[in-house]
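Please look at the model below before reading on.

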Amino acid sequence: MPYVTSVERIGLEKGLQQGRQEGLQEGRQEGELLFLKRLLIQKFGPLTPDVDARLTAASIAELEAWGDRLLGADSLEDVFNVKKS
């Protein structure tokens, strides 16, 4: 087994921690995406390729905002378009 210096060990630990954080973030985003898609399909029927692509490209913040609007929405446009007062 090769010798690992304390500096190398610290670097490896930081790399592992960063990798875990990135994995958690990606998992959270994937979960939000899949859940929102399921709810949209249940409420409005099959999604068009454009809507599917928009969801897939969205950030977590966008997915959360759309999910918040879903319950009061009468159409997909209500979910994705911010109404201005």
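Is the crossing of α1 and α3 left-handed or right-handed? The crossing of α1 and α3 is left-handed. Left-handed means that the near helix is turned anticlockwise from the far one by less than a right angle; right-handed means clockwise.

The model is predicted: local features need pLDDT of at least 70, side-chain atom pairs count only at pLDDT 80 or more, and totals for chains, interfaces and linings use all residues. Residues are numbered from 1 along each chain as its sequence is written, and side-chain values use heavy atoms, with hydrogens and water left out.

**Helix pairs**

Helices are DSSP runs (H or I, at least four residues), numbered from the N terminus. Two packed helices are described by the angle between their axes and the distance between the axes. Axes are lines fitted to C-alpha atoms over the stretch in contact, and angles run from 0 to 180 degrees between N-to-C directions.

| Pair | Angle | Axis distance |
|---|---|---|
| α1 and α2 (residues 49-57) | about 155° | 10 Å |
| α1 and α3 | about 30° | 10 Å |

α1 and α3 are therefore roughly parallel to each other (angles under 35 degrees). α1 and α2 are therefore roughly antiparallel (over 145 degrees). The crossing of α1 and α2 is right-handed.

**Contacts of α1**

Contact means heavy atoms within 4.5 Å. Towards α3, the α1 residues include Gln25, Arg28, Leu36 and Phe44. They meet α3 residues, among them Ile60, Trp66 and Gly67. By class, the contact of α1 with α3 has 9 nonpolar, 3 polar and 4 charged residues. Ala, Val, Leu, Ile, Met, Phe, Trp, Tyr, Cys and Pro count as nonpolar, Asp, Glu, Lys and Arg as charged, and the others, Gly among them, as polar.

Towards α2, Leu33, Leu36, Lys37 and Leu40 of α1 meet Asp52, Leu55 and Thr56. That contact has 4 nonpolar, 1 polar and 2 charged residues.

Lys37 sits in α1 (residues 6-44). Lys37 is buried, at a relative accessible area of 16%. Buried means under 20% relative accessible area, exposed over 50%, and partly exposed in between (1.4 Å probe, protein chains only). Leaving out residues up to four places away in sequence, Lys37 touches Leu47, Asp52, Leu55 and Thr56.

In helix α3 (residues 60-70), the buried residues are Ile60, Leu63, Trp66 and Leu70. They cover an arc of only 130° around the axis, which puts them on the same side of α3. The arc is that of the directions from the helix axis to the C-beta atoms. Their cover includes α1, α2 and α4 (76-80). The face turned away from the buried side carries the exposed residues Ala61 and Asp68.

Conventions:
Helices (H or I, at least four residues) and strands (E, at least two) are DSSP runs, numbered from the N terminus. Angles under 35 degrees count as roughly parallel, over 145 as roughly antiparallel, 65 to 115 as roughly perpendicular and the rest as oblique.
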